[in-house]
Amino acid sequence: MLWDEITAQRYGVADPKQRLFRYGVQVNSLGLTEQQPENNVTRILLEMLAVTLSKSARARAVQLPAWNEALGLPRPWDQQWSLRTQQILAYETDLLEYGDIFDGSPVISAKVEELKREAKAELAHIMALGGAVAAVEQGYMKRQLVESNTRRLEAIERGEQTVVGVNRFQETEDSPLAGAAETVLTVSPQAEREQIERLQSWRAAREERAASAALRELRAAASENRNIMPASVACAKAGVTTGEWGFALRERFGEYRAPTGVGQAMRNETIGLDDLRAQVDRLSSKLGRRLKFVLGKPGLDGHSNGAEQIAVRARDAGMDIFYDGIRLTPRADCRSCAIAERPRGWTVHLVGLASCAGAGRRGATAQRRVGAHPVVVGGIIPPEDARKLEKLGIAAVYTPKDFDLNRVMTDVLRIVETAVENNCRVDKIV
């Protein structure tokens with residue numbers, strides 16, 4: 001409804017067919033739980049119904065997560081389960097054949113109007129900031145997402161928002177699904193080698209002169225501020241890889257680092273934080289300066305919620321946080337440690353790595369090579385990977401089941417204090 005109104009009123013699109021909002025929906029994987037993961041099937045089904053029951057709200061495409069995505073990568077069988085859920089709704093029911101079954105409902109109409117008012121107020125605020133691009137560059141968009149998720153997690157921690165199997169109804173029988181062998185799919189080192197070999201074969205087989213010429217034209221178009229689309233199409237036809245294309249553009253434009261949405265100042269909200277702040281103050285006094293926590297996000301995945309919430313809680317607890325955002329290489333994370341230590345030669349007391357893309361093990365190994373920082377790792381990490389990380393010397397591994405962030409912070413303080421007592425000295429980082 002909003003899309004139809006805005007395109008008609010603001011942009012003057014007269015043809016109703018050209019104002020159709022053709023969109024897809026990914027069912028909220030943020031709400032999936034590692035605890036009692038079989039409950040995720042019910043959550044996925046209910047959320048799918050939310051975007052199919054009403055014809056006016058019906059999505060053009062629905063993407064469902066698998067029941068065990070809070071544990072790791074779903075196997076083909078798990079993906080098939082999600083697909084079958086959609087197919088059962090589409091072919092075993094007549095739900096999609098009806099018009100909007102909520103038409104005329106005063107309850108639904110009132111809710112729709114409420115949502116529209118709130119959305120329009122938010123759009124007006126963004127326009128006042130200078131538009132969407134300005135709001136992104138100022139960090140407003142990301143900050144709103146981070147703060148919203150912070151409020152959600154705090155409500156779960158306090159028990160104000162019930163999540164079955166997490167903060168209520170936690171008693172459980174052993175799951176034959178989650179307890180089965182190879183519950184999740186892990187990517188083997190062989191897959192990486194094979195991909196590199198395919199890439200090398202591709203480059204060897206293409207016409208190198210044509211690829212080089214296409215890349216030169218791309219660089220020229222970027223440098224001269226011309227439309228890069230024709231040059232990009234020529235690159236694709238010449239066999240230029242996406243990596244080569246991206247590096248050529250980085251040479252001209254640099255690499256954009258989006259705001260993290262995690263500010264430096266502590267919030268005034270102190271519910272449940274007084275004891276934790278006191279512990280941070282005590283340990284900081286023992287260390288001789290404020291406890292410094294460097295958080296890195298190696299890997300290409302963009303799932304930053306966990307890293308952001310750890311950074312926010314550590315900051316609000318009174319720690320000195322250094323978090324530079326997502327999609328970093330392990331080497332770049334190591335540089336983050338060096339940057340964080342540069343002012344006045346301050347020591348980093350703890351390094352945290354967050355990953356959902358299997359970069360945790362490599363990143364942890366890189367960190368252990370460059371210094372003696374205690375390292376903790378968090379993310380979607382299968383149990384067997386967690387055991388391997390601990391054998392590498394990682395101080396602790398956290399997964400989505402560790403939803404009580406104050407408990408995680410208390411554990412972090414213990415790790416740092418133990419490292420200090422054991423004279424864990426930070427080596428120079430190159």
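A cavity is a set of points, on a 1 Å grid over the protein atoms alone, where a 1.4 Å probe fits but cannot get out, and its lining residues have an atom within 4 Å of a point. The structure shown is a predicted model, in which local features need pLDDT of at least 70, side-chain atom pairs count only at pLDDT 80 or more, and totals for chains, interfaces and linings use all residues. Residues are numbered from 1 along each chain as its sequence is written, and side-chain values use heavy atoms, with hydrogens and water left out.

**View 1. Lining of the largest cavity.** The residues V41, I44, P65, A66, W67, W81, S82 and T85 line the largest cavity. Two or more lining residues come from each of α2 (39-50) and α3 (76-91), helices being DSSP runs of H or I with at least four residues, and strands runs of E with at least two, numbered from the N terminus. The largest share, three residues, belongs to α3.

**View 2. N-terminal end of helix α16.** D404 caps this end of α16, with a side-chain oxygen 3.3 Å from the backbone nitrogen of N406.

**View 3. Packing of helix α16.** Among the buried residues of α16 are L405, V408, M409, V412 and E417, where buried means under 20% relative accessible area (1.4 Å probe, protein chains only). The buried residues of α16 pack against the helices α6 (140-158), α11 (274-287) and α12 (305-316), and against the strands β5 (350-355), β6 (375-379) and β7 (396-398); contact means heavy atoms within 4.5 Å.

Notes. On a 1 Å grid over the protein atoms alone, a cavity is a set of points where a 1.4 Å probe fits but cannot get out, and a pocket is an open set with protein on both sides within 12 Å along at least five of seven lines; lining residues have an atom within 4 Å of a point. Buried means under 20% relative accessible area, exposed over 50%, partly exposed in between (1.4 Å probe, protein chains only). A polar contact is a pair of N or O atoms within 3.5 Å; within protein, one must be able to donate a hydrogen and the other to accept it, and residues adjacent in sequence count only if both atoms are side-chain atoms.
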